[in-house]
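Here is my notebook from an afternoon with one protein model. Follow along and turn the structure as you read.

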Amino acid sequence: MAFKDLFKFKQGKTTFVFIGGKGGVGKTTVSAATALWFARQGKKTLVISTDPAHSLSDSYERNIGYNPTPIAENLEALEIDPEIAMQEYQAKMKEQQALNPGNDMGMMQEQMDMASMSPGIDEAAAFDKFLQYMTTDEYDIVLFDTAPTGHTLRLLSFPEMMDSWVGKMINVRRQIGSMAKAFKNIMPFMGDEEEEDKALEDMEETKKRIKEARGIMADPDRTTFKTVIIPEEMSIYESERAMEALHKYNMHTDGIIVNQIQPEEADCEFCRARRNIQEKRLKTIQQKFGNQVIAEIPLMNHEVKGMDELKEIGEILYGDSKEDKAPIALEG
C-alpha cells in the first residue's frame with residue numbers, strides 16, 4: 001500500500017490527521033509538506049500547530065496567525081497562541097459572571113489568575129480548536145502539527161477529562177438552579193431564571209460537542225495518527241511507548257514516516273558509519289512497526305523550508321501531484 005492510500009475521505013466530512021513524534025524529528029516539515037500536497041490535489045486543507053514553540057511560520061515562510069491564514073490555493077494554517085487563548089478564557093469567565101451575579105467576583109478573579117499560570121492552557125486552547133473544527137466539516141482535511149510526544153498525549157486525554165468536568169458542572173448548575181427557584185423571593189441575587197437556563201444550555205451544548213469529538217477521534221475512517229521518527233534508538237522506543245498510549249485513547253495509528261535517512265552512496269567514512277548504524281535501526285523499525293505503512297525521507301543536503309522545498313518533500317512521500325492529480329477516492 002502506498003502511504004497516500006492511508007488517507008480516507010468521506011463525502012461532506014472532514015478527515016483529521018495528527019502528525020506526532022519525539023521533538024526534533026521533523027514533524028512540522030512533514031505536516032507542512034503533507035498539507036501543501038493535499039491542497040495541490042484540490043482538497044480544502046487546514047494545518048494547525050498545537051506546539052507552543054511554533055515553526056509552521058518558518059516552514060512556510062509566512063506570518064501565520066491565531067485564526068486560519070491563507071498560505072496557498074486550498075491551504076490555510078493557524079498557530080494556537082496560549083496568550084490569546086487565555087484572553088478568550090478570561091472573557092468566557094467574565095461572561096459566566098454576568099450570567100451569575102451571585103458569584104463572588106474575588107473568587108472568579110482568583111480562578112482566572114490560576115488559569116493564566118496553568119501549564120495546560122496551551123492544551124486547553126488546542127482542545128478548543130478540536131471542538132471547533134471537528135464538529136463543523138468546514139475542510140476536507142485538517143492536519144494537526146503536534147508538540148513533542150508527552151505534550152500531545154496530555155492533549156489527547158482532554159476529551160475524557162473535559163467530558164467529566166463539564167458533566168460535574170452541569171450537575172452543580174442544576175442543583176443551584178433548583179435552589180434559586182426555591183428561594184427566589186428571599187434570595188434575589190441568585191440571578192435571572194432565563195440567564196441560569198442559558199448557562200445550563202451552553203454547558204449541555206459543550207458536553208454534546210465533546211462527545212461528538214470523542215467519537216470522531218476514535219473513528220479510524222475519520223481520524224488517524226501518523227508518527228515521524230528518525231533511525232535512532234531513542235526516537236524508536238519513545239514512539240513505541242507513545243503508540244501504546246495512543247491506543248488507550250482509541251487513536252488509530254497506521255503510518256510511520258522515517259526521516260533523515262543517510263543516503264546509501266556515502267562518500268566519507270563518517271557518512272558510511274552513520275549509514276551502517278541507520279541500517280540496523282531501519283531493521284528495528286520494520287520489526288516493531290511492520291504492521292503499519294512505512295515511508296522514508298532521505299537526509300537532505302539543504303534546509304527544508306519554503307514552498308518549493310516542502311513541495312519536494314510532499315512528492316517524496318506521496319508522489320508527483322501534477323501527474324497524480326486525484327489519487328484519493330471519496331467514500332460514502
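Predicted model: local features only at pLDDT ≥ 70, side-chain atom pairs only at ≥ 80, totals over all residues.

**Entry 1: the second largest pocket**

I began with the lining of the second largest pocket, where H1 gives the most, with 4 residues. Residues are numbered from 1 along each chain as its sequence is written, and side-chain values use heavy atoms, with hydrogens and water left out.

My labels H and E come from DSSP runs, numbered from the N terminus: helices are H or I with at least four residues, and strands are E with at least two. A pocket, on a 1 Å grid over the protein atoms alone, is an open set of points where a 1.4 Å probe fits, with protein on both sides within 12 Å along at least five of seven lines; lining residues have an atom within 4 Å of a point.

How much space lies in the second largest pocket? I noted about 340 Å³, a volume being the space filled by probe spheres set on the grid points, which are joined across faces, edges and corners. The lining has 21 residues, and the closest to the pocket's centre are Val25, Gly26, Thr29, Asn259 and Gln260. Two or more lining residues come from each of H1, strand E8 (253–261) and strand E9 (293–298). By class I wrote down 8 nonpolar, 10 polar and 3 charged residues for this lining. Here Ala, Val, Leu, Ile, Met, Phe, Trp, Tyr, Cys and Pro count as nonpolar, Asp, Glu, Lys and Arg as charged, and the others, Gly among them, as polar.

**Entry 2: the sheet**

Next I traced the strands. I found 8 of them in an open sheet with mixed pairing, in the order E4-E5-E3-E6-E2-E7-E8-E9; two strands pair if DSSP finds at least two bridges between them. E4 and E9 are the edge strands, each pairing on one side only.

At one end, E4 (residues 69–72) and E5 (residues 75–79) run antiparallel, joined by 3 bridges. Thr69 has Ala77 of E5 as its bridge partner. Their hairpin has 2 residues between the strands, and Asn74 takes a positive phi near 70° there. Elsewhere, E7 (residues 223–229) and E8 run parallel with 5 bridges, and Phe225 stands opposite Thr253 in E8.

**Entry 3: helices against helices**

Which angle do the axes of H1 and H11 make where they cross? For H1 (residues 27–40) and H11 (residues 307–318) I noted roughly 80°, with the axes coming within 8 Å. Axes are lines fitted to C-alpha atoms, for helices over the stretch in contact, and angles run from 0 to 180 degrees between N-to-C directions. That makes H1 roughly perpendicular to H11, a label for 65 to 115 degrees; under 35 is roughly parallel, over 145 roughly antiparallel and the rest oblique.

The axes of H9 (residues 233–248) and H10 come within 10 Å and cross at roughly 10°, so these two helices are roughly parallel to each other. Contact means heavy atoms within 4.5 Å. Among the H9 residues that meet H10 I listed Glu233 and Ile236, and on the H10 side Arg281 is one of the partners.
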